Every structure is written in structure tokens, then in C-alpha cells.
Amino acid sequence: MSGASLEREGAVGVITIDNPPVNAMSPGVPGAILARLAEAQADDAVAAVVLRGAGKGALAGADIRSFGKPWPEGEPTLRDVIAAIERSAKPVVATLAGYWLGGGLELALSCHYRVASRKTQVGQPEVALGFPPGAGGTQRLPRLAGVEAALAMIVSGKPIGAPEAAEKGILDRVIDGDLREGAVAFAEERIAAGPPHALARERTPELMDPDVFAATRKRLERRARGQRAPAACLECVEAALTLPFDEGIRKERAIFEECMASAESRALRHVFFAERAVRKVPGIGKETPVRPIESAAIVGAGTMGRGIATCFANAGIPVRLMDSDGQALERALAGIRSEYEGRVKRGRIGAADAEVRIGLIEPIDTLEKVAGADLVIEAVFEEMPLKEEVFRALDSACDAGAIIASNTSYLDVNRLVDIVPSRRGDVLGLHFFSPAQVMRLLEVIRTDSASPETLASVLALAKRLGKTAVVAGVCHGFIGNRMLEGYTREVRFLLEEGASPVEIDSALTGFGMAMGPCAVADLAGLDVSWRKRKADAHLRDPSKRYSAVADRLCELGRFGQKTGAGYYRYEPGSRTPVPDPEVDALIAEVAAESGINRRTIGADEIVERCLYPLVNEGARILDEGIALRASDIDIVWINGYGFPRWRGGVMHWADEIGLAAVHGTIARLDENQDHWEPAPLLSRLAAEGGSFADVDRAA
Ligand SMILES: NC(=O)c1ccc[n+]([C@@H]2O[C@H](COP(=O)([O-])OP(=O)(O)OC[C@H]3O[C@@H](n4cnc5c(N)ncnc54)[C@H](O)[C@@H]3O)[C@@H](O)[C@H]2O)c1
């Protein structure tokens with residue numbers, strides 16, 4: 001039964017809030033607390049109250065699933081409990097353990113005192129869901145912790161540990177040993193000391209640095225461009241300083257409600273649930289056996305092999321690294337060492353720790369030496385015959401039961417399975433993103449024959465590596481890269497039609513993308529896709545429009561940052577893109593050759609033209625079952641391609657616009673350009689008034 005109980009320990013009434021698993025403030029719980037508080041008030045033998053959470057002692061605040069939904073009519077709320085505590089003549093001691101976040105911390109802040117076990121974490125993480133705290137956190141925290149500390153906590157959303165919270169004045173005591181006993185003892189001390197028992201609301205917020213708001217605003221303009229919630233948090237904390245308490249509370253509530261109803265908050269809440277849904281994979285459950293992966297080997301020590309080896313070393317897993325080119329292997333090892341040394345210099349890790357990690361990477365000179373590894377990842381050049389050759393060699397070299405994975409970006413992993421027929425269940429794709437030691441995304445490519453055990457094992461491994469794994473089916477480019485093709489195609493067409501690289505990049509960073517596509521291409525290197533286009537030239541449909549812009553740049557040796565020039569030029573040693581008139585001239589020339597009349601193109605059109613192909617291809621990927629659910633596609637684009645989290649990912653963004661509107665635009669573009677055919681699923685959902693969120697292949 002969820003609710004709250006009251007027990008008496010001498011003169012102390014102990015109220016225990018009980019709503020497993022994390023004592024969230026679901027409907028019914030605030031009412032139960034109010035009833036127990038009233039009983040404690042009425043009991044003359046009770047002189048003080050201890051308020052604690054059952055179980056491990058956490059208090060989670062509001063139930064995230066209830067956000068945006070109406071609260072049951074007449075049912076008391078957290079704010080009613082807070083008001084009752086502040087009216088209480090008897091001091092209330094909040095007793096914290098585990099996580100006291102959001103509404104949980106707000107409840108604690110309204111109490112007369114706060115004590116906590118040493119491992120407790122407190123924080124106001126609301127900003128991550130697109131709104132400020134709404135039950136007084138922005139008004140009470142500055143009064144206890146000081147304005148600067150409160151502002152930092154509320155704007156970042158990051159929790160802090162109990163010792164730090166005590167130092168800041170948020171907690172009155174950190175208790176080692178039995179928490180309940182310690183809290184009761186603390187309450188007895190307060191009874192003995194007698195009034196006054198000051199409330200946060202009665203204090204004046206302390207400001208040390210009068211520039212803190214201006215400085216934070218400036219930082220947010222850069223770091224949180226386009227987002228409302230971080231600035232909303234700042235406005236609320238500022239109100240704590242400029243307005244009387246009750247007016248500050250009203251202002252906080254108004255801003256909270258405005259933010260709660262925003263598209264930004266809907267998007268962030270969507271991502272919160274998407275991150276949980278992505279872990280659910282049909283056919284994989286708690287009962288699925290997991291093979292231990294205690295050692296790994298990587299074949300191919302290029303850009304990816306080196307980064308993947310670093311991932312394993314960072315997770316403490318010994319990894320062997322092999323390359324057929326001895327010099328490439330030497331370069332990889334030297335690169336890994338210098339990267340670790342850089343991290344030591346910047347104070348990110350200790351020197352001894354770096355040596356331990358470097359020591360976990362063992363170079364091997366022949367492929368046979370992968371024997372004994374629990375997992376082998378192939379990361380050689382993106383050429384099918386070469387990968388087939390490597391798989392043949394792995395078939396003889398690997399132990400029985402070893403998992404064999406390919407890091408291919410596009411190729412058919414089922415074909416690689418056919419090379420090792422006796423190991424059908426053990427093969428899949430593990431598509432890391434570059435730089436592999438930094439990027440969180442890992443596409444796990446489920447072949448037709450991969451066993452549930454293999455899949456469960458790599459999903460468990462992904463967690464150890466700190467990666468967000470998304471399961472995808474086999475197709476050309478899987479989820480992310482397959483969608484990328486339409487995006488980059490449209491960038492080239494827009495260049496021909498009159499937009500400059502700067503205009504395209506600023507339209508998309510203005511939308512919220514981490515980087516513009518031209519700058520990304522320069523960073524990744526234009527030559528890789530150029531080689532691929534040349535190899536696939538015979539597959540191209542000559543009746544379809546083709547832009548030679550990128551090819552022509554490559555013909556000039558402009559491969560991007562590594563050659564000092566691509567879509568932009570780069571000063572020696574600099575990574576800052578500088579617009580280049582030579583590129584503008586070249587694009588104008590290519591456009592003239594194709595008979596294109598160039599025009600001015602606005603940012604809105606650039607965003608639509610570049611991002612709607614993602615939605616359209618995403619719809620096909622969902623329809624074909626390559627992705628299990630639309631929200632998995634969102635996770636891929638947020639974690640692998642810099643799509644703004646606060647827009648909820650590609651598919652959620654389209655759902656927000658409305659699929660009928662998206663479909664209408666794509667159909668209109670299709671009338672003028674032959675490559676815009678709306679995906680069947682998009683057409684169907686648009687006609688039915690449906691949304692991508694309703695499609696779940698995992699259900
Ligand atoms: N670079 C990226 O951004 C990226 C991202 C994800 C996936 N991938 C994929 O990862 C794979 C590797 O890409 P990369 O960018 O690291 O390539 P790369 O050219 O940097 O490195 C490939 C390495 O493989 C080695 N190699 C070639 N044949 C070999 C053999 N028979 N045995 C052992 N080693 C051999 C080469 O010497 C080279 O060092 C490709 O399939 C690519 O599509 C690349």
C-alpha cells in the first residue's frame with residue numbers, strides 16, 4: 001500500500017513515506033502525508049517530526065509519467081504538503097537517503113531542518129526535462145545555498161553529494177551510522193534547543209557576485225541556443241533575489257507552467273522515455289544467457305580500430321589490436337598513447353591510470369593471435385571482398401563460441417555470416433561512431449541468424465563500454481547512415497541552387513544541430529564518400545538529378561580539414577572554417593553547367609529540405625522493421641549525429657509538426673524534384689491522422 005505512516009519515538013513523530021520503488025509523489029501520497037502531519041500536530045506528546053522515505057530512503061518527487069496529465073480533482077498536491085510543513089508549529093526534519101531530487105528536494109527545502117546519510121545525492125534536475133522546479137525550489141534553494149550555488153545547480157540540473165550539500169548550507173547534518181536513529185537524535189536536540197526553527201522562506205538569499213546572472217545568461221546564449229528551460233531556470237532564481245518570497249513563488253509557478261506546456265519539454269520527456277524503451281529488445285529478457293566478454297580483439301587499427309580499442313581499455317577490458325600494415329599499427333599505438341597523455345595533461349585522468357589503460361592494449365602481428373578472445377571486431381577498409389577474406393581467416397583463428405562483429409558502416413552483414421556458416425549465431429554488426437572513444441552511440445546490427453545470447457551479450461557489453469546501444473536490422477547504412485544520404489544529397493542540391501556552405505551550416509546550427517553538414521563533411525573527410533560514389537557510379541540512375549559539387553571539390557584535392565580545404569578553408573593548425581570564394585566560384589560553375597538558375601534560399605527552406613529527407617527515410621526504416629520503434633531512430637540521431645535533444649529527435653520532431661503537414665511539403669517537393677517520393681508509411685499515417693509514436697515493432 002502506498003501512503004505514509006506515523007510512529008512515535010519519545011517526543012519525535014516519525015512519518016515514513018511509502019510508495020515503492022522510489023517514493024514518488026503520485027496522487028494519494030501527498031494526501032497521506034498531510035493526514036499524518038495533522039495527527040502529529042494534534043498529538044501533544046509529539047514535539048518534532050522526522051520525515052523520511054521507506055525502503056532505501058529516496059524521495060523522487062513527481063512521477064514523470066504524470067507530467068502534462070491532469071492531477072485528480074480535489075487530490076492534495078506536493079505544494080499542499082509544503083504549505084502544511086511551513087505552517088507547522090513543530091519543527092520538521094527531512095531525513096534524506098539515496099536520491100532526493102526534483103520535488104523530493106523541494107519538499108526537504110520546505111522543512112525546518114535537513115539531515116542526510118553520507119551517500120545521499122540532492123539536485124533539481126527538472127531542466128533536463130524542459131522546465132524549472134515548480135514547487136518552490138528556485139526560491140528556497142538560493143536562500144539556503146546562496147544564489148550562485150543554487151543557480152549553478154538549477155541551471156545545470158546536476159545533483160551533488162551530501163558532504164557538498166552540507167558545506168553549501170543545504171543540509172544541517174551528514175549522518176554516519178543508522179540514519180533514522182541519527183535523525184531522531186537530531187530532532188531531540190532541536191526540541192531541547194527550542195525555537196526559533198527558521199524556515200528557508202524567512203531567510204534572505206545571499207549574492208556574492210553581482211555579475212553572475214549576466215555571465216550565466218551569456219553562457220546560455222552560446223551553450224543552450226534555442227532552448228527555453230535553462231533561461232527559465234535563471235529567471236526564477238533571479239526572482240528569488242528581486243521579489244518578496246510569495247511573489248517569487250508565483251512567478252516560478254507561472255514560468256513552470258509555461259515551460260511544462262512547451263514543445264521543448266514534450267521533446268525532452270519523450271527522449272527520457274525513449275532512452276528507456278531502446279533497451280527493450282524483443283526476444284531478449286532477463287532469462288537470456290549472457291556470455292562473459294573478458295577479452296577482445298580488433299582487426300584493423302585505422303581510425304575506428306584505434307578508437308574502439310580505447311573504448312575497451314577505458315572499460316578495463318584487455319584488448320588486442322592487429323593491422324596488416326605494421327606502420328598503421330605503430331601509428332595507432334602512438335596515437336592512443338598521445339591521446340592518453342593529453343588527457344593526463346588536462347587533468348582528466350591520473351598518469352598511473354593512463355598507463356594501466358595503455359597496458360590493456362596489446363598489439364599483435366598476426367590474425368591467428370586473436371585466438372582466446374571472447375569478442376573479435378573487424379574494422380578493416382570498407383570493402384566487401386576484404387571483409388570476406390578477414391572473416392574467412394577469423395573462422396579458423398577464433399575460439400568456438402567467440403562473438404565476431406563487423407564495424408561496417410553500410411555493408412550487408414548477412415553476407416559475412418555466410419562466410420562463417422558454423423558460427424551463424426555468433427555474428428553481428430557493431431557499428432561504432434567516430435571518434436569511437438567519444439561518441440555514445442553504438443548501432444547493434446542484428447543479422448538474420450544472430451542468437452539471442454549473442455545479442456544479449458553485446459548489449460551487456462555496450463553498457464560496460466558506456467554506450468547507448470540501438471538495435472537495427474540489416475540494410476544499406478542501417479539506421480543512421482541510411483538516413484544521412486538524403487540529407488547530404490539535399491545539401492549539395494541547395495549549394496547548386498544558390499545557398500552557400502555558411503548559409504546551410506548556420507541554418508542547421510540555428511535549428512539546433514551540433515554542427516552544420518558542410519563543416520561535418522570537412523571534419524570527417526570528403527574523400528571517403530567520394531571514393532564510394534566513384535565505386536558505385538555504375539549503379540546510379542542517369543535519369544535522376546546528380547550534383548557533382550562534392551566530386552569537383554575532391555578533384556581539387558580539397559578533402560576537408562586534413563588537407564586544409566574542403567567546403568571551407570582552414571588556416572594551418574586551425575579547425576575554424578573560413579568561407580572560401582574559390583568554393584563559391586566552383587559551385588556557381590557546376591550550377592551553370594547543369595543549367596540551374598541560382599536564387600536566395602532562406603533558412604527555413606534549408607532546414608526543411610535537409611531534414612525532411614531524414615523523416616521520409618526514417619519512415620521507411622520504421623516500416624521495414626529496421627528500427628523497432630520511431631523513438632530508437634530519435635536516439636540514433638541525437639547520440640550519433642548531433643540532432644538537438646530538446647527537439648526530441650527526427651521522428652518526434654516530425655510528429656510535433658504533424659505528419660499531414662510534413663507529408664504535404666514532401667509531396668509538393670516531389671512534384672518539382674523526382675527524388676522526394678513520400679514513404680508509404682508517412683502517406684498512410686498522414687491520411688489517418690496518426691503519428692510515428694504509434695508504430696511499435698517491439699510491442
Ligand atoms: N571512419 C569512420 O568515421 C567510420 C565510422 C564507423 C564505421 N566505420 C567503418 O569502420 C571500418 C574501418 O574504417 P576506418 O575509418 O577505421 O578505416 P581506416 O582506413 O582508417 O583503417 C582501416 C585499417 O584496416 C587495415 N587493414 C586493411 N586490411 C587489413 C587486413 N586484411 N587485416 C588487418 N588490417 C587490415 C588498414 O591497414 C587500416 O589501418 C570500415 O568498415 C568503415 O566503414 C568507419
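Buried means under 20% relative accessible area, exposed over 50%, and partly exposed in between, with a 1.4 Å probe and protein chains only. Keep that in mind for this tour of a predicted model, where local features need pLDDT of at least 70, side-chain atom pairs count only at pLDDT 80 or more, and totals for chains, interfaces and linings use all residues. Residues are numbered from 1 along each chain as its sequence is written, and side-chain values use heavy atoms, without hydrogens and water.

Start with helix α18, residues 480–497. Helices here are DSSP runs of H or I, at least four residues, numbered from the N terminus. α18 spans 26 Å from its first C-alpha to its last, close to the 26 Å expected at 1.5 Å a residue; that expectation is 1.5 Å times one less than the number of residues. Of its 18 residues, 14 are buried. Just after α18, select Gly498: its phi is positive, about 135°.

Now select Tyr487 and Trp637. The structure holds 12 aromatic pairs, and this one is edge-to-face, at 6.2 Å centre to centre and 90° between the planes. Rings of Phe, Tyr and Trp (its six-membered ring) pair if their centres lie within 6.5 Å; planes under 30 degrees apart are stacked, over 60 edge-to-face, the rest tilted. Tyr487 sits in α18 and Trp637 in α25, 150 residues apart. Tyr487 is buried at 5% relative accessible area, and Trp637 is buried at 0%.

With Tyr487 and Trp637, they form one aromatic cluster.

Last stop: Lys532 over the face of Tyr410, 4.3 Å from the ring centre. Then select Lys534, over the face of Trp530 at 3.5 Å from the ring centre. A charge counts as over a ring if NZ of Lys or CZ of Arg is within 6 Å of the ring centre and within 35 degrees of the ring normal.

Note on methods: Helix = DSSP H or I, 4+ residues; strand = E, 2+ residues; numbered from the N terminus.
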